[in-house]
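Subject: Structure handover

Hello,

My notes follow below it.

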Amino acid sequence: MTRTQKTVFILVAVVAVILGLTVNKVLNGRSAGNPTELIDAGIILLPQSRTVPALEMTDENGQPVMMDELKGKWSLLFFGYTFCPDICPTTLAQLRQVKSELPKEAVERLQVVLVSVDPNRDTPTQLKQYLGYFDKDFRGVTGSLENLQKLANAVSIPFIPADTSKPNYTVDHSGNLALLGPDGKQRGFIRAPFNNQKLVAQLPGLVKRD
């Protein structure tokens with residue numbers, strides 16, 4: 001090999017290394033969640049995390065749950081109810097579909113929690129049966145109307161309490177999700193309507209964060 005050939009070989013090798021490092025950096029950046037891509041997927045992160053109030057609820061198994069203790073996983077809080085005619089079944093079906101397309105590592109770091117805004121009808125038994133239609137691992141909580149309103153206001157997803165004296169009443173609520181980090185604090189929101197494909201692309205990188 002001549003000196004010229006050696007020089008060319010070395011230059012090609014150096015360029016290959018630089019390109020490899022660049023591609024790796026880009027891929028890692030994507031997996032961590034590009035802010036623009038997150039927003040495009042409807043994921044809005046807060047500039048500063050919010051503490052969730054220490055409110056006691058009851059889960060789908062009838063066990064007490066403190067809402068400031070949802071830790072260890074990223075939590076998607078959806079404020080809805082089991083007698084909801086449209087938004088709730090559609091949202092839960094979408095979340096089930098998104099979950100089914102996520103890699104195993106992301107699924108293990110994520111949980112969906114239905115916060116019932118209809119404590120009058122949504123008993124733990126009703127919650128568990130309803131959520132079982134969508135995903136056996138979906139969680140459900142409910143509590144006093146006062147605590148539910150405090151929680152909803154704290155995470156900026158308010159609802160309008162229903163007039164329970166009316167037959168077949170409905171509850172006005174948002175389709176947005178409150179996004180809680182593994183530290184139990186609110187990190188942001190996921191806006192409705194959801195784009196399943198974009199959420200599947202962005203959630204794995206997001207839930208890798210602590």
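Start with strand β8 (residues 186-190): four bridges join it to β7, and the two run antiparallel. This is a predicted model: local features need pLDDT of at least 70, side-chain atom pairs count only at pLDDT 80 or more, and totals for chains, interfaces and linings use all residues. Residues are numbered from 1 along each chain as its sequence is written, and side-chain values use heavy atoms, with hydrogens and water left out.

Some conventions. Helices (H or I, at least four residues) and strands (E, at least two) are DSSP runs, numbered from the N terminus. Two strands pair if DSSP finds at least two bridges between them. Buried means under 20% relative accessible area, exposed over 50%, and partly exposed in between (1.4 Å probe, protein chains only).

The hairpin and β7

β7 and β8 form a hairpin with five residues between them. Gly184, in the turn, has a positive phi of about 85°.

Strand β7 (residues 177-180) is covered on both faces. Leu177 and Leu179 are buried on one side, Ala178 and Leu180 on the other.

The whole sheet

The sheet is open and has eight strands, in the order β1-β8-β7-β4-β5-β6-β2-β3, with mixed pairing. β1 (43-50) and β3 stand at the edges with a single partner strand each, so one side of each has no neighbour in the sheet. On average, neighbouring strands are turned by 30° against each other, direction ignored.

β4 also pairs with strand β5 (residues 110-116): seven bridges, parallel. Within that pair, Ser75 has Gln111 as its bridge partner.

Helices on the sheet

Axes are lines fitted to C-alpha atoms, for helices over the stretch in contact; angles run from 0 to 180 degrees between N-to-C directions. Contact means heavy atoms within 4.5 Å. Helix α3 (residues 87-101) lies across β4, β5 and β7, at about 160° to β4. Helix α5 (residues 124-132) packs on the sheet and touches β2, β5 and β6 (139-142), with its direction at about 155° to that of β6.

Glu60

Glu60 is in the loop between β2 (56-59) and β3 (64-66). How far away is the nearest side chain of opposite charge? That side chain is Arg139, at 4.7 Å. Glu60 is buried yet has no salt bridge. The criterion is a side-chain nitrogen of Lys or Arg within 4 Å of a carboxyl oxygen of Asp or Glu. For charge, Lys and Arg count as positive and Asp and Glu as negative; His and the chain ends are not counted. Beyond its neighbours within four places in sequence, Glu60 contacts Pro124, Thr125, Leu127, Lys128, Phe138, Arg139 and Gly140.

Glu146

Glu146 is in helix α6 (residues 145-154). Glu146 counts as exposed because its relative accessibility is 51%. Leu55 is 91 residues from Glu146 in sequence, but the C-alpha to C-alpha distance is 9.9 Å.

Cysteines

A disulfide is a pair of cysteine sulfur atoms within 2.5 Å. By this rule the count is zero. Cys84 is in no disulfide; its nearest cysteine sulfur, that of Cys88, is 3.1 Å away. That is too far for a bond. Cys84 is buried, with a relative accessible area of 8%. Cys88 is buried too, at 0% relative accessibility.

Best regards
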